[in-house]
Amino acid sequence: MGIVAGLDSSSAFTHIVVCDSDTGAVLRQGFAAHPVEARATEVDPQAWLLSLGEAAGGGLLEGVEAIGVSAQQHGTVPLDHQGNLVRPALLGNDKRAQAAAAGLIDGLGGRQAWAEAVGSVPQAAQPVSKLRWMARTEPEAAQRVAAVLQPHDWLVWQLLGRPARRTTDRGAASGTGYWSAGTGAYRPDLVELALGHQAALPEVLGPSDAAGTTPEGLLISAGTGETMAAALGLGVGAGDAVVSLGASGSVMAVHREALSDPTGTITSFADATGRHLPVVHTSNAVRALRGTAEMLGVESLDELSALALKSTPGASGLVLLPYLEGERTPRLPHAAGTLCGLRRESMKPEHLARAAFEGMLCSLADALDVLRGRGVEVRRVFLLGAAAALHAVQTIAPALLGTQVVVPEPAEYAALGAARQAAWALGVARGTADPLVPPAWQGAVAQVLEPGEELAVGQAVRQQYAATRDQIHPGAFDPTD
């Protein structure tokens, strides 16, 4: 038996899990909040190290032989020729680069050109857009940028003592906007298009590679982004999809190859195992529930859930298109939400509550069908986020998503995925593990829900939703495209 640790530096916290390298059993855990200033849109990365040190206090890492690092995605850490910060790191929640992203899209010839080049279309969060923003608004700082890292890259580099070699992994690289999951290669020309000149980029390691060894002798694995680490921690594999219920939503699935989508609806990420994680985003998920709760004067989502279950499938004909903040899937950036089917008998609080849950889940089912339409096999769906625990979500989701639904118990899955990667790299380094197959840790403890006899009812609800969607937004979205 060996002992490994997984470190997840999210946007607000550092979580550390220490695990048995053979089974994945959690032996101990550590936690620390980032300093308040580290939760803004830009930050001195030293704050992440302070949080890490606090989380690892009290001898937490005693006996640990390898560490894996997961961190928030899309952060941009610009360095000069000496490896010093040019300016504070720009974080993924910084929206100032929206205009820069639009300029990049036009600069390469449109959305399809970007999708073919790197599997994604520039968004404000991505490093490529933030480099463009720097070049346009902070040209003197941009001129000093000699190398670019992301948060997990920078943390690994710090743990290793700032060696000359800087590294990343496929998962994190696939979110930059200048590395292609399809070709497995950087596009330095896109860095130059954004920044105005070339910059050194970290070496992309394989999934079971080690980034190096610390001065104290700890092996550090390649690390990865939070999304990829969480997928590894959950134990998702071929035939699995993950639906995340935040204010906005996302649907990702494990696939054998990168998907090039000329519309940019699919973002082609790489995972932490050598496969791919195509992702489809929606702009609206739980925000539709919260808005409905406020409209009805309901104090909590639990209360809204109970109210929704007093209604029946189809919500007495009410259909809510939950495009409250515009929408990414389908691409309707200027749309508003729509409530249809109002009749005297349907004008009851429970029907509107049910329509909100059905609208949110139908929208996510549309996103899931984008992936299915491109040949992605979906045999079960992992449902993540606090809203996944709502009784109405668990009751309605299997029939609307059309497959088995798995609701994992809350856990630090990104940190667990980082620890699993560390165990993998440690085993490979010792010659006891297959470099192509991650260790077979026990999967997430979860509740499993089947659509059963409700599948036909769910299909009818989706047909009602699709008819309304196509009437209000004709031609905007065809889930079979």
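## Briefing: a pocket, a buried histidine and an enclosed helix

The lining of the second largest pocket divides into 12 nonpolar, seven polar and three charged residues. This is a predicted model.

- The volume of the second largest pocket is about 410 Å³.
- Its lining has 22 residues, and the closest to the pocket's centre are Tyr 413, Leu 416, Gln 442, Gly 443 and Ala 444.
- Strand E3 (26–33), helix H9 (226–234) and helix H14 (413–430) are the elements that give two or more residues to this lining.
- H14 gives the most, with three residues.

**His 152**

- His 152 has 2% relative accessibility, so it counts as buried; the cut-off is under 20%.
- Its side chain makes a polar contact with the side chain of Asp 153, at 3.2 Å.
- Leaving aside neighbours within four places in sequence, His 152 is in contact with residues including Val 69, Ala 71, Thr 168 and Asp 169.
- Ala 172, Ala 222, Gly 223, Thr 224 and Gly 225 are also among these contacts of His 152.

**Helix H13**

- The buried residues are Ala 392, Val 393, Gln 394, Ile 396, Ala 397, Pro 398, Ala 399, Leu 400 and Leu 401.
- Gly 402 follows H13 and has a positive phi, near 75°.

Notes. Residues are numbered from 1 along each chain as its sequence is written. This is a predicted model: local features need pLDDT of at least 70, side-chain atom pairs count only at pLDDT 80 or more; totals for chains, interfaces and linings use all residues. Side-chain values use heavy atoms; hydrogens and water are left out. Buried means under 20% relative accessible area, exposed over 50%, partly exposed in between (1.4 Å probe, protein chains only). A polar contact is a pair of N or O atoms within 3.5 Å; within protein, one must be able to donate a hydrogen and the other to accept it, and residues adjacent in sequence count only if both atoms are side-chain atoms. Contact means heavy atoms within 4.5 Å. On a 1 Å grid over the protein atoms alone, a cavity is a set of points where a 1.4 Å probe fits but cannot get out, and a pocket is an open set with protein on both sides within 12 Å along at least five of seven lines; lining residues have an atom within 4 Å of a point. Grid points are joined across faces, edges and corners, and a volume is the space filled by probe spheres set on the points. Helices (H or I, at least four residues) and strands (E, at least two) are DSSP runs, numbered from the N terminus. Ala, Val, Leu, Ile, Met, Phe, Trp, Tyr, Cys and Pro count as nonpolar, Asp, Glu, Lys and Arg as charged, and the others, Gly among them, as polar.
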